[in-house]
Amino acid sequence: MKRSFTTKMLALAVGLATLTFGYAQTPYHTQALDVKLSGTSTLHDWHMDAKQGTSDAAFVVEGDKLTSIAKLNFTLPVRNLKSESSGLDKNAYKAMNVEANPNIQFVLTASSITPAGGNNYNIKAVGKLTISGTTKDTELQATGTYNPADKSITVNGSKKMKMTDFNVKPPTVMMGTIKTGNDITISYNLKYTK
């Protein structure tokens with residue numbers, strides 16, 4: 001009788017472990033991305049684009065539904081950001097002190113996911129954003145789309161902020177006659193795959 005009870009308990013434990021594993025977090029990653037940094041100046045609006053960086057995440061997918069994000073980190077080398085002007089690039093890298101702080105980074109600390117119809121989701125990601133060596137608690141809002149066919153997850157959104165929030169002095173050129181505005185927008189589109 002005791003042996004039968006032990007066997008049943010073991011079977012129950014294995015069943016629960018299997019059920020839990022079915023909803024386990026799955027590692028995803030990406031190196032292909034589309035990030036745009038845009039702003040204004042006294043001469044014209046400007047933008048810098050990057051197509052390469054790295055991001056690793058652990059998403060929880062139940063059936064074909066995205067339910068949560070257990071982990072996410074993102075690294076973008078500053079020098080991957082390029083504009084149509086090498087002069088603008090040089091001034092931006094200098095303002096962000098790229099030699100001492102070569103990367104823009106984000107590390108997730110909390111998140112929530114809300115269904116938005118079909119395979120779309122509203123994502124709120126809170127984490128530590130580091131730019132130019134300064135780290136700030138930052139909330140990002142994004143739209144996520146889960147593709148059941150290839151199990152990929154696409155995330156896109158944008159965030160408005162000020163350069164001075166991260167101790168970056170807005171660049172000036174031509175002896176200060178052209179000044180960059182303090183307000184910037186970071187837009188991002190990433191496709192995560194297993």
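**Pockets**

I looked up the largest pocket in this predicted model, and its volume comes to about 550 Å³. Its lining is made up of 31 residues, and those nearest the centre are Trp46, Met48, Leu88, Ala92 and Thr180. I then sorted the lining of this pocket by class and noted 19 nonpolar, nine polar and three charged residues. Among the elements that each supply at least two lining residues are β1 (25-41), β2 (46-62) and β9 (178-192), while α2 contributes the most, with five residues.

**Salt bridges**

I searched the whole structure for salt bridges and found six. In one of them, arginine 79 and glutamate 99 meet through their side chains at 2.5 Å, N to O; arginine 79 sits in the loop between β3 (65-77) and α2, and glutamate 99 in the loop between α2 and β4 (103-115), 20 residues apart. I noted that arginine 79 is partly exposed at 41% relative accessibility, whereas glutamate 99 is exposed at 65%.

I also checked aspartate 150 and lysine 191, whose closest N and O atoms are 3.9 Å apart in a salt bridge; this pair links the loop between β6 (134-147) and β7 to strand β9, across 41 residues.

My last entry is the salt bridge of aspartate 183 with lysine 162, at 2.6 Å, N to O. Aspartate 183 belongs to strand β9 and lysine 162 to strand β7, so the pair ties together parts 21 residues apart in sequence.

Technical notes
Residues numbered from 1 in each chain as written. Predicted model: local features only at pLDDT ≥ 70, side-chain atom pairs only at ≥ 80, totals over all residues. Heavy atoms only, no water. 1 Å grid on protein atoms, 1.4 Å probe; cavity = no way out; pocket = protein on both sides within 12 Å on 5 of 7 lines; lining within 4 Å. Points joined across faces, edges and corners; volume = space filled by probe spheres on them. Helix = DSSP H or I, 4+ residues; strand = E, 2+ residues; numbered from the N terminus. Nonpolar A, V, L, I, M, F, W, Y, C, P; charged D, E, K, R; others polar. Salt bridge = Lys/Arg side-chain N within 4 Å of Asp/Glu carboxyl O. Buried < 20%, exposed > 50% of the residue type's maximum accessible area, 1.4 Å probe, protein only.
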